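The sequence and the coordinates are shown first.

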Amino acid sequence: MEADTQAHVAFFLTGRRPGEHLDAIEGLNLRPALFAGYRELTQLRYDFPLLLVAGRADAQIVQSLSGLIDGALAAVATGGDAERMRKHVLRLEQEIRTLVAGGASGSFSELWAKAAGRLAKGADKSFEDSLRRARAAIKADGELADCDAALPARLLRHAWSAVQKQKAEAFRKDLDRQMLKLSDILKSDHERSEAGRSAKHLKAAVGTGFGDAFDFDAMSNMLNKALPKDALPESRRRRIRDLLAVFGAQQFFPAAGAPAKKGAAVKPYSFAFDSCSAALAAFRERMPKLVELARAIAIAELEIDGEYSEAKHDALFEQFGANGLDPQDFAPFPDYLVCVNAAKLLGEEQAQLMEILSSGLPIKVLLQLDDLLEESSVGEGSLTSGMRSRQIANMAMGLNEVYVLQSASSNLYHFRERMLHGLAYRGPALFSVYSGAKASGMPPYLMSAAAMESRAFPAFSYDPSAGANWASRFYLEANSQVELDWPIQGFAYEDEEHQRVSEDLAFTLVDFVAADRRYARHLARVPREKWNGSMIPVDEALTRERKGLPDKVPSVLMVDADNVLQKVIVDERLIREARRCREMWHSLQELGGVHNSHAEKLLARERKSWEERMQQQAETAATAAPATAQEAAVAPAAPAEATAVAEPEPERSPDEAYIDTPRCATCNECTNINDKMFVYNDDKQAYIADINAGTYAQLVEAAENCQVAIIHPGKPRNPNEPGLEELLKRAEPFL
Ligand code: SF4
């Protein structure tokens, strides 16, 4: 036993596996024990596939297949044949799920018909009757989408198109009204003109049916005498014609009536892009046209109301948009959509993303991450580069004016309304989504759900328009058991004596990582005969501070292909990552008001002062003699209450490196990078203790990693530091 424990400890510290004590897990086909019930997803009822409902832009824009079927059954499966209907319709639901998981695509109606056709062979009439009645109860239709690599972009495009369609309809209605009114002004001007009162024009206006019934020459003479001849000033006529020309040539929305046909004279712009640089370039190129159209709309409104004054407005509109437009000027125009994969977000593209987010432009960005467990180049077992998307999302929140939504694919259905809010938000929005599509060996749904459950990729949203403080803007509650470090789930299994055993298991980052075959070398199976008390669960190991050699090693429960329970020990590198993941989760908890250190500190202070007051009152009551009026008169005045005087914010130069210390969330990111340069004060909040203790690259890296984007790197102190050009670009959003 001693030798076994020593082998376990050696593996924990070094990652080496002595063959006689430990087994490699490569090829054993192990999966985390809590995955045991999710081997065949098509047999389970869960949110996927999703129905991307056509023609909706509200909470019904996406529905789960199970939800639809439940709704239909609740409506029609009543009375004596309820159970029979339920059985038949659930069988069909499973068949649709199997078809979609197998790669079938199409609308809900098509896949329903296909699944029904497959099941109809050999089925009796009651089966057909059940399906017919259930189908009649489902009104929605649209494409079905599974939880796969394509889902994040597909879902976001679907929602974005619905929001843009609504916008286009409102814009078109307004523009058509303006065009009609402006045309009416020109028409009535023409009718007052000599040409408009000519016999020829009057005859043409009446039409051929009555051509002989009137004397148009006499009518023309009469009108010429009776009606005033004050025509529109030429400058106004020209202005209105120009406005109509601008409206007719605009490319921001399709022409009235229908989407532009192929070969139409004016082709509308496309607003969907697959790179930040392309979207930004298009935005800049179209900006003069957008200003021209916004200006024309403003002038048209004045013309229609007869309030345009050349003396007053000409000079004003000459300068229109010279200083850029306000967010409300952009509001009626289409929002841009960029769908970009984190794997392609390198160098210049990342800088462009930062520019979009910090510029306030109405550009919505989907940042899709397929591989959260990609190893960092800086060290084996380090997940740093896989965490880049999380850092970008955190940084975007620090900018204060960006709508940020982070979610695993598995949770997108539950975040559908938040997604719509982000798309309708006036400024930039970032949707950071982990698809689970690149982890080896597991279905994307399972990996994305596990990433969220294990705190590797928690879900949250930050809505700057929801209120003035974090409590109203930040939402973290979509994660399970949000107040705990790791969610606890019940797990039941059969032991060697075939007895049923139930226990509570924490699902940690290590369980998530253990599901990915690429990390097999950080794990070692302990043969059953060598199980001993030196193995403790990972969550327990994480609560221990190691001093000297450990006497216990962390382990996770896994199951093999036959669902036989296995114990697997973990090396120290993964434990370090789990600790880091937990710290990041703590920072999010703080932002979400869970275990908030400031609130807890305040509470402790208030409690202490309340206890002291109570104590004092008790002592006074116990010793007090009846106070005389004289005593009362000479009693010393109560000391004036100490008043906290807020320190004025120091004036900062953008060249100076500093941290907005009072906002520090104590996440350790900066201190992990350089604990000489970044140091905690007595309140456990970071400040720059020694600017010369590190490089500008470290300052920039810390700024990028900071959970709340409060590190301002300033300007480099060493002009010879390598890579300064690139570093300065990266530092820009934090200056
Ligand atoms: S200043 Fe440092 S410790 Fe504080 S939140 Fe930012 S990175 Fe974390």
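## Basis and overall make-up

The model is predicted; local features require pLDDT of at least 70 and side-chain atom pairs count only at pLDDT 80 or more, whereas totals for chains, interfaces and linings use all residues. Residues are numbered from 1 along each chain as its sequence is written, and side-chain values use heavy atoms, with hydrogens and water left out.

The chain holds 26 helices and 22 strands. Helices (H or I, at least four residues) and strands (E, at least two) are DSSP runs, numbered from the N terminus. Of the 735 residues, 47% count as buried; buried means under 20% relative accessible area, exposed over 50%, and partly exposed in between (1.4 Å probe, protein chains only). Among contacts between residues at least 6 apart in sequence, 70% join residues at least 24 apart, a contact being heavy atoms within 4.5 Å.

Three strands form an open sheet in the order S4-S3-S5, with antiparallel pairing. Two strands pair if DSSP finds at least two bridges between them. Strand S4 (62–64) and strand S5 (142–145) stand at the edges with a single partner strand each, so one side of each has no neighbour in the sheet. On average, neighbouring strands of this sheet are turned by 25° against each other, direction ignored.

Strand S3 (residues 50–53) pairs with S5 in the antiparallel sense over four bridges, and the bridge partner of Leu52 in S5 is Glu143. Helix H6 (residues 151–192) packs on the sheet and touches S3, S4 and S5; its direction makes about 30° with that of S3. For these angles, axes are lines fitted to C-alpha atoms, for helices over the stretch in contact, and angles run from 0 to 180 degrees between N-to-C directions.

## Cavities

The structure holds three cavities of 30 Å³ or more. On a 1 Å grid over the protein atoms alone, a cavity is a set of points where a 1.4 Å probe fits but cannot get out, and lining residues have an atom within 4 Å of a point. Grid points are joined across faces, edges and corners, and a volume is the space filled by probe spheres set on the points.

The largest cavity has a volume of about 90 Å³. Of its 15 lining residues, Cys664, Cys667, Cys670, Cys706 and Ile710 are the closest to its centre. By class, this lining has 11 nonpolar, three polar and one charged residues; Ala, Val, Leu, Ile, Met, Phe, Trp, Tyr, Cys and Pro count as nonpolar, Asp, Glu, Lys and Arg as charged, and the others, Gly among them, as polar. The second largest cavity has about 40 Å³ of space. Its lining consists of Phe252, Phe271, Phe283, Leu290, Phe330, Phe333, Pro334, Tyr336 and Pro362, which gives nine nonpolar, no polar and no charged residues.

Helix H15 (residues 388–398) is largely enclosed by the rest of the structure, because 10 of its 11 residues are buried. Among them are Arg390, Gln391 and Asn394. Just after H15, Asn400 takes a positive phi of about 75°.

In strand S9 (residues 403–408), six of six residues are buried. In a regular strand, side chains alternate between the two faces of the sheet. Both faces of S9 are covered, with Tyr403, Leu405 and Ser407 on one side and Val404, Gln406 and Ala408 on the other. S9 runs parallel to strand S10 (residues 429–434), to which six bridges join it, and Ala408 stands opposite Tyr434 in S10.

Arg236 lies in helix H10 (residues 234–249) and counts as buried at 19% relative accessibility. Leaving aside neighbours within four places in sequence, Arg236 contacts Ile185, Glu303, Gly306 and Glu310. Arg236 and Glu310 are 74 residues apart in sequence and 8.9 Å apart in space, C-alpha to C-alpha.

Most residues other than glycine have a negative phi, and most peptide bonds are trans. A cis peptide bond, with omega about 0°, joins Phe48 and Pro49; Pro49 lies in the loop between strand S2 (31–32) and S3. Gln481, not a glycine, has a positive phi of about 45° and is partly exposed, with a relative accessible area of 28%. Lys684 has a positive phi near 60° and is partly exposed at 43%; Lys684 is in the loop between strand S20 (678–680) and strand S21 (686–688).

Definitions and conventions. On a 1 Å grid over the protein atoms alone, a cavity is a set of points where a 1.4 Å probe fits but cannot get out, and a pocket is an open set with protein on both sides within 12 Å along at least five of seven lines; lining residues have an atom within 4 Å of a point.
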